[in-house]
Amino acid sequence: MSTPAALPRPLLVHQADLIATFDDTRRELRGASLLIRGEQIAAVYAAGEVPAPILDEVRAHGEVIDARGHVVTPGLVNTHHHMYQSLTRAVPAAQNAELFGWLKTLYPIWAGLTPEMVQVSTQVAMAELLLSGCTTSSDHLYIYPNGVTLDHQIEAAQQVGMRFHAARGSMSVGESAGGLPPDHLVEREDAILADTQRLIETYNDNGRYSRLRVVAAPCSPFSVSRELMRDSAALARSLGARMHTHLAENDHDLAYSQFKFGMTPTEYAESVGWLGEDVWHAHCVKLDAHGLARFAATGTGVAHCPCSNMRLASGIAPIRRMLDAGVPVGLGVDGSASNDAAHLLNEARQALLLARVGRAMQPPERDAGGVLRYGCDLGPAEMTARDALEIATRGGAKVLGRDDIGHLSVGMAADLVLWPTGGLAMAGGAVHDPLAALLLCASPSVAWNIVGGRVLVREGELTTVDLGPLVERHDRLARVLVAGSDTPG
């Protein structure tokens, strides 16, 4: 299989059951159509409004996609991932650990990563993302043993065809210096900064409809120094690149920050220049009231990773309070060894459900006499299906600093997905509310995934990756990786 043609033919997504635009007015159009020319959306038509000459032109020179029986949404945006971790899903020794123990168990395995493993795991992760509705993804690669470079991942991603924000992660403080990673996995800070600059200058494209951007991304407060955080921020801003790291993921993370720096995670981040509209942090489960206020005031973004936060027993991020305060929030599947999946629509479903669980954990309401209230009126939901989908689309676009993706309107990038409404999983749901059914019913895979006018999934099949041989190669490498470590697998 080959990369799609550079100049795609015009496409007409025709007569969809529903097009959920998530545009500024949040239009939802039944029986609607959408016209794509080149990389962008050229028109959105209400039912029956496609001009006959347009229909004739596309039939003659392009492609008409029959969208009956489908819901169309903007492509989902994944704001946090560690794609190489698909090689270490469900490793027995790490199945029941919390964050720090989980990392210390897996570091010795990840020390065996090779360039081939990074390339193959990247394509497997992107295939899973595409089939679950994602059109743009970031990835945080922070470990570089055995000749691995970020170039290997970028090359693999370009073959798949989705939009990619490649984060040049790093670790520089090993165990002997009070950090968490083993010493043999950390890098010299001058080498990190030099390579980050090289990658940004080589690959970063801040233009509209860009398919590749590079991000400066020291890994975490417990694996890099203050100096690297400050220097990375200065470098990124001098080159017009964005910044990403982990923050306030669990109670141990909070304790480390207080012990090492004498600050909360937010105070530490601000002290080293890591708040601002060009920054987003993963997790923020333990963001306190002061932290939330500072994130809102500075426009600092959050990548919400509900499945990983549950899997590692980290807690429930205060997403409703973040949204109400104006904090930019997107979704992230996080690493495939802490999820252990990369199904982005299911991540939106879990965000919805976890928010409601979080609300249920609050103290029950009582009347003036102290008696527990009861009745059917529970007030507004902590999060609705449409809220969760908005976080997964417009929210993710804002977190990544993009105004060309995240909703469907004229002039936006032609990034959209078609979800099937038929079949057993959606039976009885799609007939009532096909959009909400995407999250309230079992999470489907996409029928079509279109990125910049290029069809990357056609009728449920990937067009740029031969999935069978890829998975076979991936699983062979996963066995080699775990067998080569001292950790039982």
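How many disulfides does a search of the whole structure find? The count is 0. Keep in mind that this is a predicted model.

Take the cysteines one at a time. The sulfur of Cys284 has its closest cysteine sulfur in Cys305, 9.4 Å away, and that is too far for a bond. A disulfide needs the two sulfur atoms within 2.5 Å. Cys284 counts as buried, because its relative accessibility is 0%. Cys307 is in no disulfide either; its nearest cysteine sulfur, in Cys305, lies 9.3 Å off. Cys307 has 9% relative accessibility, so it counts as buried.

Next, the domains. Domain 1 is 10-74 + 409-462, and domain 2 is 76-400. Their centres, over C-alpha atoms, are 30 Å apart. Domain 1 puts 35 residues into the contact, and domain 2 puts in 29 residues. About 2700 Å² is buried between them, with 58% from carbon and sulfur atoms.

Now the polar side. Between the two domains there are 5 salt bridges. There are also 18 residue pairs in polar contact. On the domain 1 side, strand 14, helix 14, strand 15 and strand 16 each give two or more residues. Helix 14 gives the most, with 5 residues. Elsewhere on the list of charged pairs, Arg163 forms a salt bridge with Asp415, with the closest N and O atoms 2.7 Å apart.

His407 sits between helix 13 and strand 14. Buried or exposed? His407 is buried, because its relative accessibility is 13%. Its side chain makes a polar contact of 3.3 Å with the side chain of Ser409. Beyond its sequence neighbours within four places, His407 contacts residues including Asp23, Pro74 and Arg394.

Terms used:
Residues are numbered from 1 along each chain as its sequence is written. This is a predicted model: local features need pLDDT of at least 70, side-chain atom pairs count only at pLDDT 80 or more; totals for chains, interfaces and linings use all residues. Side-chain values use heavy atoms; hydrogens and water are left out. Helices (H or I, at least four residues) and strands (E, at least two) are DSSP runs, numbered from the N terminus. Buried means under 20% relative accessible area, exposed over 50%, partly exposed in between (1.4 Å probe, protein chains only). A polar contact is a pair of N or O atoms within 3.5 Å; within protein, one must be able to donate a hydrogen and the other to accept it, and residues adjacent in sequence count only if both atoms are side-chain atoms. Contact means heavy atoms within 4.5 Å. Domain bounds come from an automatic or database domain assignment. Buried area is the accessible area (1.4 Å probe) that two parts lose on being put together, summed over both. A salt bridge is a side-chain nitrogen of Lys or Arg within 4 Å of a carboxyl oxygen of Asp or Glu.
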